[in-house]
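Colleague: I am new to reading protein models. Could you take me through one, feature by feature?

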Amino acid sequence: MKYILMMNCPKTGYETFGAWPKKDIQAHIAFMHSFNKALRESGELVGAEGLADPKQATVVRAGTDGAPITDGVFPESKEFLAGYWIVDVKSPEQAYQIAARASAAPGPGGAPMSIPIEVRQVMSGPPEEFQ
């Protein structure tokens with residue numbers, strides 16, 4: 001079963017992260033690299049990416065003629081998607097264990113951050129009743 005593990009951060013998360021001491025940022029990034037490497041070596045990692053600052057995001061919708069209509073980021077959002085992992089595991093519990101490991105990424109002073117990680121199954125298609 002494939003699951004997506006989504007790491008969200010508060011609206012001010014990108015500015016807060018950038019204000020950490022350099023050694024703490026380096027430790028956090030080293031943790032993420034090591035975490036991804038361990039998932040890759042165990043065969044559980046399908047893909048993982050960190051995302052750019054939400055200020056660079058653009059919302060796109062199709063106009064009546066199908067042409068893209070763009071709009072900026074909506075500042076009323078409380079949280080933004082900061083990055084994600086897609087893992088291939090045998091059970092939801094295994095995905096939860098991986099999410100808990102990601103949640104414990106180090107923050108300032110090396111303390112675990114307890115980052116909220118949303119876990120959702122990646123569907124291989126629509127439910128049978130809709131096929």
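Modeller: Start with a definition. Helices and strands are DSSP runs, numbered from the N terminus. Lining residues of a pocket have an atom within 4 Å of one of its grid points. Keep in mind that this is a predicted model.

Colleague: Which helices and strands does the protein chain have, and in what pattern?

Modeller: The chain has three helices and six strands. Along the sequence the pattern reads β-α-α-β-β-β-β-α-β. The C-alpha trace spans about 50 × 35 × 20 Å along its principal axes. Of the 131 residues, 27% are buried.

Colleague: How do I read a pocket?

Modeller: Take the general idea to begin with. Rolling a probe the size of a water molecule over the atoms shows where empty space is left. Here, the largest pocket has a volume of about 640 Å³. It is lined by 25 residues, and the closest to its centre are Met7, Phe17, His28, Met32 and Ala82.

Colleague: Which element gives the most to the lining of the largest pocket?

Modeller: Helix H2 does, with five residues. Strand S1, helix H1, helix H2, strand S2 and strand S5 each supply at least two residues.

Colleague: How many of the lining residues are nonpolar, polar and charged?

Modeller: The lining holds 16 nonpolar residues, eight polar ones and one charged one.

Colleague: Let us stay with H2. How do I read a helix?

Modeller: Check its length, then its faces. H2 has 21 residues. From first C-alpha to last it reaches 30 Å, close to the 30 Å expected at 1.5 Å a residue.

Colleague: What follows H2?

Modeller: Gly43 does, and its phi is positive, near 80 degrees.

Colleague: Which residue other than glycine has a positive phi?

Modeller: Look at Ser114, with phi near 55 degrees. Ser114 sits in the loop between H3 and strand S6. Its relative accessible area is 55%, so Ser114 is exposed.

Colleague: Is Ser103 buried or exposed?

Modeller: Buried means under 20%. Ser103 has a relative accessible area of 14%, so it is buried. This serine is found in helix H3, residues 92–103.

Colleague: What is Ser103 in contact with, beyond its neighbours within four places in sequence?

Modeller: Its partners are Met113, Ser114, Ile115 and Ile117. So exposed Ser114 is one of the contacts of Ser103.

Colleague: And how do I read contacts over the whole chain?

Modeller: Look at separation in sequence. Take contacts between residues at least 6 apart: 75% of them join residues at least 24 apart.

Terms used
Residues numbered from 1 in each chain as written. Predicted model: local features only at pLDDT ≥ 70, side-chain atom pairs only at ≥ 80, totals over all residues. Heavy atoms only, no water. 1 Å grid on protein atoms, 1.4 Å probe; cavity = no way out; pocket = protein on both sides within 12 Å on 5 of 7 lines; lining within 4 Å. Points joined across faces, edges and corners; volume = space filled by probe spheres on them. Helix = DSSP H or I, 4+ residues; strand = E, 2+ residues; numbered from the N terminus. Nonpolar A, V, L, I, M, F, W, Y, C, P; charged D, E, K, R; others polar. Buried < 20%, exposed > 50% of the residue type's maximum accessible area, 1.4 Å probe, protein only. Contact = heavy atoms within 4.5 Å. Expected span 1.5 Å × (residues − 1).
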